[in-house]
Amino acid sequence: MTGQDPAPERAAAVTQYDDATDSHDVTDSDAVDTSLRSPEERSRTFWGILLNTGVANITTSYLWFALTFWAYLETRNVIATGVIGGAYMLLIALSSISFGTFVDRYRKLSVMRFAGAFTLGMFLLAGVMFLYTPGFSLLDLTQPWFWVFTLIILIGAVVENLRNIALSTTVTILIEPDRRANANGLVGMVQGLMFIITSVLSGLSVGLLGMGWTIVVALVLTALAYAHLLTLRMPEEVRAAATDAHGSFDLRGSWAAVLAITGLFALILFSTFNNFVGGVYMALMDPYGLELFPVELWGVYFALGSTGFLVGGALIGKFGLGANPLRTMLIAVVIMGVIGAVFTIREWAWLYIAGIWLYLVLIPFIEAAEQTVIQRVVPLPRQGRVFGLAMAFEAGAAPITAFLIAPIAEIWIIPYARSTEGAAQLAPLLGEGTSRGIALVFLIAGIVIIAAALLAFLTPVYRRVSASYAQAAAETPAAQQLGTTATQTPAAPTP
């Protein structure tokens, strides 16, 4: 894939990683040498990779959001938009384990370059197809051309997610252990910026420029990001870390990597459950917003609410996640449940936007906490597959709930809430308005999230994972003093 062999002759070396807590350093000291540059220099490289990945993510989201808008405006067919959204999440879920396997087998920067080149090639192919396929054929859903065109763009956008898995492993390589939570917060901030930009610009681009010029803009930005990526260097990664990953879809290795760490699978399951419940908001947040605001303003207001991503990521970047990221994660989930339960308790526009903003402030805390725990307790040669398996579970969760809750709400809950009897029964709790059925769903979802997080505090798994993280955190400074890691500079950089 990248011209670099995955070093199978060193596969036996991975036996030292059977229990991550037995090692003071989760990196492969033969493959990673952090003494080559100071923490400040490595931090600057991380910033370059982070910003480059942010531009690439914004570009791919911009194009596939634009594809969704364009498909609906040209066909007025919700099946087309539903298939596009569902196919995107399905492709991410199906490909994440393969992506994690590639990240483990090859150098991280080479994986990112491969993903950038592949995405650029797919977008270029989509541009050629758009240019040479007659418009009436391209927009005929009974013909294959629309679906081929859509699939090309979606594959290009999905492969870009390979960079996100690689980005999480570069945090382990480039950032000092006590600053990784801060770095993960910055990753969340960049992802929030993606939501803000794409929610506004994709619609404006299709409306003002058309789909053809939108593809041109995406091509130019993808090419610039790829060219910049070629200028970045990460000499700390001397070679691909020794790994037990096999083939291109190492499901067995992914499971083994997760199960080797006590409680890690439970952490991924909890995040997946949180995404299941979050699918309620995925399915109903837009309909509720369109009941409150004109369609022309809803995208702008949602972009305003999405600035919460930036604030949440910035807070983590400044203050970190505390001594126990898992505890911080569960506290954030409880607060998120409270917000989700009450931000539609009355049909007030300001309450809804404020609730969205606060809800999105908390999402980076949850994502960064999971990443920080994995980076601390999982050996680098297995991190790609662990992140890939987590992404597969979590990406597949929210769409399933969205597909389930949308018809339930449409057929039963919303009609009940709009009936005379239902409106009277809900009024004392949820007030009056046309969207009380959606508000009832949000309220129930919020209560479920609160209950799940509070119960998680009481589980043995929570105590075991917290103890494993604390042990790994305590052992890292001792390992550095004993020389078992290559890091010699004690100063911790601020990413």
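Me: Are Arg385 and Asp104 buried or exposed?

Reply: Both Arg385 and Asp104 are buried. Bear in mind that this is a predicted model.

Me: What joins Arg385 to Asp104?

Reply: Side chains of opposite charge can pair when their charged atoms come close. Here Arg385 makes a salt bridge with Asp104, and the closest N and O atoms are 2.6 Å apart. Arg385 belongs to helix H14 (residues 380-418) and Asp104 to helix H2 (residues 78-105), so the pair ties together parts that are 281 residues apart in sequence.

Me: How many salt bridges are there?

Reply: The count comes to six. One of them joins the side chains of Arg37 and Glu236, at 2.7 Å from N to O. This pair links distant parts of the chain, 199 residues apart: Arg37 sits in the segment before helix H1 (39-75), and Glu236 in the loop between H8 and helix H9 (251-259). Arg37 and Glu236 are buried. Another salt bridge is formed by Arg42 and Glu176, at 2.9 Å from N to O. Arg42 is in helix H1, while Glu176 is in the loop between helix H6 (161-174) and H7, 134 residues away. Arg42 is buried, as is Glu176.

Me: How many helices and strands does the protein have?

Reply: It has 17 helices and zero strands. Of its 495 residues, 56% count as buried. Among contacts between residues at least 6 apart in sequence, 87% join residues at least 24 apart.

Me: Which residues have the most contacts inside the largest nonpolar core?

Reply: They are Phe46, Phe149, Ile153, Tyr352 and Phe442, in a core of 133 residues. Helix H13 (residues 349-377) supplies the largest share of this core, 14 residues. Leaving aside residues up to four places away in sequence, Tyr352 touches several residues, including Met285, Leu292, Trp298 and Phe442.

Me: Which residues of H5 are buried?

Reply: An α-helix has 3.6 residues a turn, so residues three or four places apart point the same way. In H5 the buried residues include Phe146, Phe149, Thr150, Ile153 and Ala157. Helix H5 (residues 144-159) spans 22 Å from its first C-alpha to its last, close to the 22 Å expected.

Me: Which helix gives the most to the nonpolar patch?

Reply: H8 does, with six residues. The patch lies on the surface, has about 940 Å² of accessible area together, and includes Leu201, Trp213 and Leu224. Leu201 is found in helix H7. Its relative accessible area is 42%, so Leu201 counts as partly exposed.

Conventions
Residues are numbered from 1 along each chain as its sequence is written. This is a predicted model: local features need pLDDT of at least 70, side-chain atom pairs count only at pLDDT 80 or more; totals for chains, interfaces and linings use all residues. Side-chain values use heavy atoms; hydrogens and water are left out. Patches are made of residues with over 30% relative accessible area and no salt bridge: like charges are joined within 9 Å, nonpolar side chains (Val, Leu, Ile, Met, Phe, Trp, Tyr) within 5 Å. Accessible areas come from the Shrake-Rupley method with a 1.4 Å probe; for residues, only the protein chains shown count as cover. A salt bridge is a side-chain nitrogen of Lys or Arg within 4 Å of a carboxyl oxygen of Asp or Glu. Helices (H or I, at least four residues) and strands (E, at least two) are DSSP runs, numbered from the N terminus. Buried means under 20% relative accessible area, exposed over 50%, partly exposed in between (1.4 Å probe, protein chains only). A nonpolar core is a set of buried Ala, Val, Leu, Ile, Met, Phe, Trp, Tyr and Cys residues joined through side-chain atoms within 4.5 Å. Contact means heavy atoms within 4.5 Å. The expected span of a helix is 1.5 Å times one less than its number of residues.
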